[in-house]
Amino acid sequence: MIFIDDNPVECELVKERLPMVITYLMPDDPTLFADFVRGIDCFEKLDITEEDLNRTNMYRAQIKRASLQSQFESLDDFYRNLDMVITVLERATFTSPGYPSLRRGPTSSTLQPEDTRKRM
């Protein structure tokens, strides 16, 4: 826990009565406030990723999908309505360690390369 104040008397009082609290005295010059706060190492640095920036859009898309899915009696009907097209390309071998497993959906099992080969 930290305490930041512009009054040295209050800072000393907090140090005296609450020694577990880290106390900082703000500079008198307001133009130094931003640099002062940046220099306090008690705050975690926030790293914003591309995924963070897109998270709201991803949540909205998920809500739309769930709403659309609720309009169908079955998951298969929902998938058919999406009008998705899947293109299967022939591979020389399915034994490549980099060949990913395929996931049919959140409620179904994972298809391994050998399962995919059987269905072709």
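Student: How many aromatic pairs does the count come to here?

Tutor: The count comes to three aromatic pairs, and please keep in mind while we talk that this is a predicted model.

Student: How is the pair of Y24 and F36 arranged?

Tutor: Y24 and F36 form an edge-to-face pair, with 6.2 Å from centre to centre and 85° between the planes. This pair links distant parts of the chain, since Y24 sits in strand 2 (residues 22–25) while F36 belongs to helix 2, and the two are 12 residues apart.

Student: And what about F78 and Y79, what sort of pair do they form?

Tutor: F78 and Y79 form a tilted pair, whose centres are 5.7 Å apart and whose planes make an angle of 45°. Ring pairs also bring in F72, so that F72, F78 and Y79 are linked into a cluster.

Student: Is F78 buried or exposed?

Tutor: F78 counts as buried because its relative accessibility is 5%, and the cut-off for buried is under 20%.

Student: Switching topic, where is T23 found?

Tutor: T23 is found in strand 2, and because its relative accessibility is 14%, T23 counts as buried.

Student: Which residues is T23 in contact with, leaving aside its neighbours within four places in sequence?

Tutor: With those neighbours set aside, T23 is in contact with F3, C11, V14 and K15.

Student: OK, now the surface: which residues make the nonpolar patch?

Tutor: The nonpolar surface patch is made by I4, V37 and F43, and its area is about 230 Å². F43 lies in the loop between helix 2 (33–38) and helix 3 (50–69), and F43 counts as partly exposed because its relative accessibility is 44%.

Student: Can we zoom out? How many helices and strands does the chain come to?

Tutor: The secondary structure comes to five helices and four strands, and if you read along the sequence, the pattern that the chain follows is β-α-β-α-α-α-β-β-α.

Student: What percentage of the residues count as buried?

Tutor: Of the 120 residues of the chain, 13% count as buried. The accessible surface of the chain comes to about 10,600 Å², and carbon and sulfur atoms account for 54% of that surface.

Student: And what share of the contacts join residues at least 24 apart?

Tutor: Taking the contacts between residues at least 6 apart in sequence, 14% join residues at least 24 apart.

How values were computed. Residues are numbered from 1 along each chain as its sequence is written. This is a predicted model: local features need pLDDT of at least 70, side-chain atom pairs count only at pLDDT 80 or more; totals for chains, interfaces and linings use all residues. Side-chain values use heavy atoms; hydrogens and water are left out. Patches are made of residues with over 30% relative accessible area and no salt bridge: like charges are joined within 9 Å, nonpolar side chains (Val, Leu, Ile, Met, Phe, Trp, Tyr) within 5 Å. Accessible areas come from the Shrake-Rupley method with a 1.4 Å probe; for residues, only the protein chains shown count as cover. A salt bridge is a side-chain nitrogen of Lys or Arg within 4 Å of a carboxyl oxygen of Asp or Glu. Buried means under 20% relative accessible area, exposed over 50%, partly exposed in between (1.4 Å probe, protein chains only). Rings of Phe, Tyr and Trp (its six-membered ring) pair if their centres lie within 6.5 Å; planes under 30 degrees apart count as stacked, over 60 as edge-to-face and the rest as tilted. Contact means heavy atoms within 4.5 Å.
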